[in-house]
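This report looks at a few places in one protein chain. Please view the sequence and the structure before reading on.

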Amino acid sequence: MAPAFEQVPEDTETQTETPHNTPHTVNNDGQVDYKSRVTVVGSGNWGSVAAKLIASNTLKLNSFHDEVRMWVFEETLQSGEKLTEVINRINENAKYLPGIKLGKNVIADPDLENADVHFVYGETGNYAVKDANMLVFVTPHQFMEGICKRLVGKVRQDAEAISLIKGMEVKMEGPCMISTLISEHLGINCSVLMGANIANEIAVEKFSEATVGYRDKREIAEQWVRLFSTPYFLVTPVQDVEGVELCGTLKNVVAIAAGFVDGLDMGNNTKAAIMRIGLREMIAFSKLLFSSVRDSTFFESCGVADVITTCLGGRNRKVAEAFAKNGGKRSFDELEAEMLQGQKLQGVSTAREVYEVLSHRGWLELFPLFATVHEICVGRLPPSAIVEHSEQKPKLSVF
C-alpha cells in the first residue's frame with residue numbers, strides 16, 4: 001500500500017477555479033470545495049519531470065488536491081528495494097531521474113487500477129486512476145494500448161486526459177494517434193502536450209517551452225496550462241491536437257537521421273539540411289493524414305523548436321550516432337540497453353510505423369528521408385545512405 005500524504009495548508013491567496021464535475025471535500029465552514037485530482041501514468045525520465053512540474057502547482061492552486069499520484073511500473077533495483085519504495089522514501093526517482101526531488105506531494109504507486117489510499121479528510125478509496133479526474137499519460141508509446149485495455153471501465157467518465165507520448169499505433173485501418181487511442185478506449189477527451197523538452201534540463205529548471213494541443217474545450221486547455229506552467233516552463237495552448245501530436249511523433253525520426261549524420265562526422269551543413277528536409281516531410285505527412293493540421297503549429301515549440309533540440313541533444317540522436325559509428329553492426333536494441341539505462345527509444349519504432357503507412361498508401365517516393373531512416377535502421381541500407389536520398393526530388397509540394 002502506498003503511503004498516505006498529509007496535505008499542507010492551502011494558500012488562500014492562490015488562484016481558484018471550479019472545474020466541471022470534479023471531486024470535492026467539505027471545508028471547516030461547511031462549504032463544498034471542488035478539487036481536481038491528478039494522476040501521472042508513467043514514471044520514466046520525462047514522467048518524473050512531469051510529476052515534479054505538476055506537484056509544484058497543485059500545492060499552489062486551490063482547485064487541485066495537493067497530492068499527485070504517479071503510477072510506477074514496478075522494478076527491483078540492484079539494492080533489492082522496490083523502485084516505488086525508494087521513490088517514496090527519498091522523494092527521487094533513483095533510476096530514471098536521480099538527484100532530483102519530485103516534491104513531497106508526489107506519491108509513487110505500483111498499482112495502476114486500484115491503489116488503497118487514506119486521505120487526511122477521512123476518505124478511503126481507490127485512487128491511482130479510478131478517482132482521478134485529470135490523467136496525464138507519459139509512457140513509451142508501444143505500451144499504451146495494453147495500459148488502456150487495463151483501464152477500460154476503471155476511470156471516471158468525466159475525466160480529462162492529456163498525452164505527453166510521442167508515437168502512434170498503426171492498425172489495419174490506418175495510423176492511430178495515441179490521443180485517439182486513449183479517447184476511444186476510455187471514452188474521455190484527450191489533449192496533448194509536446195515541445196522542445198529534454199527532460200533533464202527541465203528537471204534542473206532551465207527555461208523551456210511546450211505546446212498544449214486541444215480540440216474544442218478551451219477551458220480545459222487553460223486548466224492544463226495552469227497545471228504545467230512554471231516560471232521556467234512556458235506552456236501555450238493551440239487548437240490542433242493532430243498537428244501538435246504529429247510534431248512530437250515525427251521529430252524523433254528526424255533526430256535518428258541527425259544522429260546518423262553526427263556518427264559519420266558529416267558536419268553542420270549536412271545536419272542542417274537533414275533537419276530542414278525532415279521538417280518539410282513532417283509537414284507534408286501531417287497534412288496528408290489530417291487536413292485540419294495548421295501551418296502555424298509547426299512554428300510553435302512542438303514544431304521547429306522540438307526538431308532543433310531533439311536533433312542536437314535527444315536520446316534518439318545519441319543512439320543513432322553510436323549506430324552509425326559502428327557502421328550499423330550493432331543493433332538499436334543492443335545500443336538502447338547499453339546506453340539508456342532502461343529508457344526506451346521512440347524514433348526507431350516510429351520510423352517503422354511511418355514506413356508502414358507510406359508503403360500501404362503508396363507514398364514512399366514522396367518521403368525519401370523518412371523511408372531511408374527506416375531502411376537504415378533495419379539494415380537494408382548503410383548509415384551513409386542518409387544523404388543519398390537528397391538527390392531525389394519529392395513529388396509533393398505542401399507550400
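Which backbone oxygen lies 2.6 Å from a polar atom of the side chain of asparagine 197? In this predicted model, that oxygen belongs to glutamate 209.

## Asparagine 197

Asparagine 197 sits in the loop that runs between β12 (189-194) and α5 (199-203). Its relative accessibility is 11%, and buried means under 20%, so asparagine 197 counts as buried.

Leaving aside residues up to four places away in sequence, asparagine 197 touches Trp46, Ile202, Ser208, Glu209, Ala210, Phe233, Asp306 and Thr309.

## Helices α8 and α9

Helix α8 (residues 268-289) packs with helix α9 (residues 301-313) at an angle of about 140°, and their axes are 11 Å apart. Angles over 145 degrees would count as roughly antiparallel; α8 and α9 are therefore oblique to each other. The crossing of α8 past α9 is right-handed.

On the α8 side, the contact is made by Lys271, Met275, Leu279 and Met282. On the α9 side, Val304, Val307, Ile308, Cys311 and Leu312 take part. Of the residues in this contact, eight are nonpolar, none is polar and one is charged.

## Helix α13

Helix α13 (residues 368-377) is mostly covered, with 10 of its 10 residues buried. Among them are Pro368, Phe370, His374, Glu375 and Cys377.

The buried residues of α13 pack against α7 (241-263), α8, α10 (315-325), α11 (332-339) and α12 (347-361). After α13 comes glycine 379, which has a positive phi near 90°.

Methods
Residues are numbered from 1 along each chain as its sequence is written. This is a predicted model: local features need pLDDT of at least 70, side-chain atom pairs count only at pLDDT 80 or more; totals for chains, interfaces and linings use all residues. Side-chain values use heavy atoms; hydrogens and water are left out. Helices (H or I, at least four residues) and strands (E, at least two) are DSSP runs, numbered from the N terminus. Buried means under 20% relative accessible area, exposed over 50%, partly exposed in between (1.4 Å probe, protein chains only). A polar contact is a pair of N or O atoms within 3.5 Å; within protein, one must be able to donate a hydrogen and the other to accept it, and residues adjacent in sequence count only if both atoms are side-chain atoms. Contact means heavy atoms within 4.5 Å. Axes are lines fitted to C-alpha atoms, for helices over the stretch in contact, and angles run from 0 to 180 degrees between N-to-C directions. Angles under 35 degrees count as roughly parallel, over 145 as roughly antiparallel, 65 to 115 as roughly perpendicular and the rest as oblique. A crossing is left-handed if the near helix is turned anticlockwise from the far one by less than a right angle, and right-handed if clockwise. Ala, Val, Leu, Ile, Met, Phe, Trp, Tyr, Cys and Pro count as nonpolar, Asp, Glu, Lys and Arg as charged, and the others, Gly among them, as polar.
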